[in-house]
Protein chains: 2
Amino acid sequence: MARAATTSDAFNAIAEPQRRDILALLRAGERPVTDLAQELGMSQPGASKHLRVLREVGLVRVRGAGKQRLYGLDARGLRPVHEWVGGFERFWNESFDRLDTYVQDLKQTRQEG
Amino acid sequence: MARAATTSDAFNAIAEPQRRDILALLRAGERPVTDLAQELGMSQPGASKHLRVLREVGLVRVRGAGKQRLYGLDARGLRPVHEWVGGFERFWNESFDRLDTYVQDLKQTRQEG
DNA sequence: CGATCATATTCCTATATCGGAATACGTCAA
DNA sequence: TTGACGTATTCCGATATAGGAATATGATCG
């Protein structure tokens with residue numbers, strides 16, 4: 001098998017830097033495709049494709065506005081990502097000396113299972 | 001071009017669910033490959049490959065212990081991820097006037113695939 | 001040395017990407 | 001309708017994956 005689809009979840013969708021850039025831009029409000037493409041220095045089809053991925057994982061919503069289609073942020077899908085990564089917070093806040101001690105501590109008290 | 005390498009950064013490395021599982025397990029302390037493989041129901045070569053990716057992005061470090069190699073967590077690389085995602089926190093916590101407006105809009109306009 | 005355990009790498013295949021170019025689709029204005 | 005604009009899709013090629021099987025490397029001990 002190959003790598004999981006970019007559309008399989010938010011983790012995969014935001015692995016692409018350009019898609020992260022798009023999401024960041026959309027915090028300022030809704031925008032049409034061409035706007036995003038120009039601002040981020042990518043082609044219009046390129047932007048459309050990235051937006052399709054973001055839409056499929058639910059990180060972005062579209063709304064027709066005349067000739068244009070306005071893309072807007074829907075950040076709710078990022079919450080699980082934030083929570084998962086947040087589960088490691090104590091580990092990057094600890095110094096490595098303390099981390100080693102902590103690890104040894106765990107080894108000794110691993111009886112609990 | 002193809003998708004960015006899984007080893008290009010933490011974002012890509014943690015896009016794979018099994019690698020996230022490995023990292024989660026390692027919070028309890030260092031572990032040898034076979035241990036991880038068995039606990040997560042994957043093959044030994046499979047675990048080794050995932051650990052290689054994690055090591056290349058610096059999320060994991062190894063230390064030889066006799067015949068074994070103990071893998072340990074180095075979560076510092078997750079901090080940038082946490083911070084990036086955290087930049088959207090107010091958007092999923094917000095009461096979301098804009099989103100609500102948008103939803104009402106949808107009811108009036110036509111659907112979108 | 002030779003045997004054995006622990007781990008890493010290689011080879012293979014099916015699949016999925018990203019980007020560019022060309023093109024199709026959709027909507028509005030005259 | 002026609003034309004023009006905004007956007008989406010399709011086709012293409014190069015690349016890279018995850019996983020299984022087989023094998024290679026490494027370390028320890030008798």
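Modeller: Let's start in chain A, where V60(A) sits opposite L73(A) of strand 3. Please keep in mind that this is a predicted model.

Colleague: What makes strand 2 and strand 3 of chain A a pair?

Modeller: Pairing asks for at least two bridges. Strand 2 and strand 3 of chain A are joined by 6 bridges and run antiparallel, so they qualify as a pair.

Colleague: And what makes strand 1 of chain A a partner of strand 3 of chain A?

Modeller: Here 2 bridges join strand 1 of chain A to strand 3 (residues 68-73), again in the antiparallel sense. The requirement is at least two, so this pair counts as well. In that pair, R31(A) faces Y71(A) of strand 3.

Colleague: What order do the strands of the chain A sheet take?

Modeller: The order is 1-3-2, in an open sheet of 3 antiparallel strands.

Colleague: Why are strand 1 and strand 2 of chain A said to stand at the edges?

Modeller: Strand 1 (31-32) and strand 2 (60-65) of chain A each have a single partner strand, so each has one side without a neighbour in the sheet.

Colleague: What lies between strand 2 and strand 3 of chain A?

Modeller: The two strands form a hairpin with 2 residues between them, and G66(A) in that turn has a positive phi of about 70 degrees.

Colleague: Which strands of chain A does helix 2 lie across?

Modeller: Helix 2 (residues 17-26) of chain A lies across strand 1, strand 2 and strand 3, at about 90 degrees to strand 3. Helix 4 (residues 44-56) of chain A packs on the sheet too, touching strand 2 and strand 3, and its direction makes about 115 degrees with that of strand 2. "Touching" is used because heavy atoms come within 4.5 Å.

Colleague: Now chain B. How many strands does its sheet have?

Modeller: The chain B sheet is open and has 3 strands in the order 1-3-2, with antiparallel pairing. Strand 1 (31-32) and strand 2 (60-65) of chain B are its edges: each has a single partner strand, so one side of each lacks a neighbour in the sheet.

Colleague: How many bridges make strand 2 and strand 3 of chain B a pair?

Modeller: There are 6 bridges between strand 2 and strand 3 (residues 68-73) of chain B, which pair in the antiparallel sense, and at least two are needed. One of the facing couples is A65(B) with Q68(B); another is R61(B) with G72(B). Strand 1 of chain B reaches strand 3 through 2 bridges, and P32(B) there is partnered with L70(B).

Colleague: What makes you say that the two chains form an interface?

Modeller: Contact calls for heavy atoms within 4.5 Å, and 43 residues of chain B are in contact with 45 residues of chain A. The chains bury about 4300 Å² between them, 63% of it on carbon and sulfur atoms. In chain B, R3(B), H82(B) and W92(B) lose the most area to chain A, together 17% of what that side buries.

Colleague: Which elements of chain B supply the touching side?

Modeller: Those giving at least two residues each include helix 1 (10-13), helix 6 (89-93) and helix 7 (97-108). Helix 5 of chain B gives the most, with 6 residues. By class, that side has 21 nonpolar, 8 polar and 14 charged residues.

Notes:
Residues numbered from 1 in each chain as written. Chains lettered and ligands numbered in written order. Predicted model: local features only at pLDDT ≥ 70, side-chain atom pairs only at ≥ 80, totals over all residues. Heavy atoms only, no water. Helix = DSSP H or I, 4+ residues; strand = E, 2+ residues; numbered from the N terminus. Buried area = accessible area lost by both parts, 1.4 Å probe. Nonpolar A, V, L, I, M, F, W, Y, C, P; charged D, E, K, R; others polar. Axes fitted to C-alpha atoms, helices over the stretch in contact; angles between N-to-C directions.
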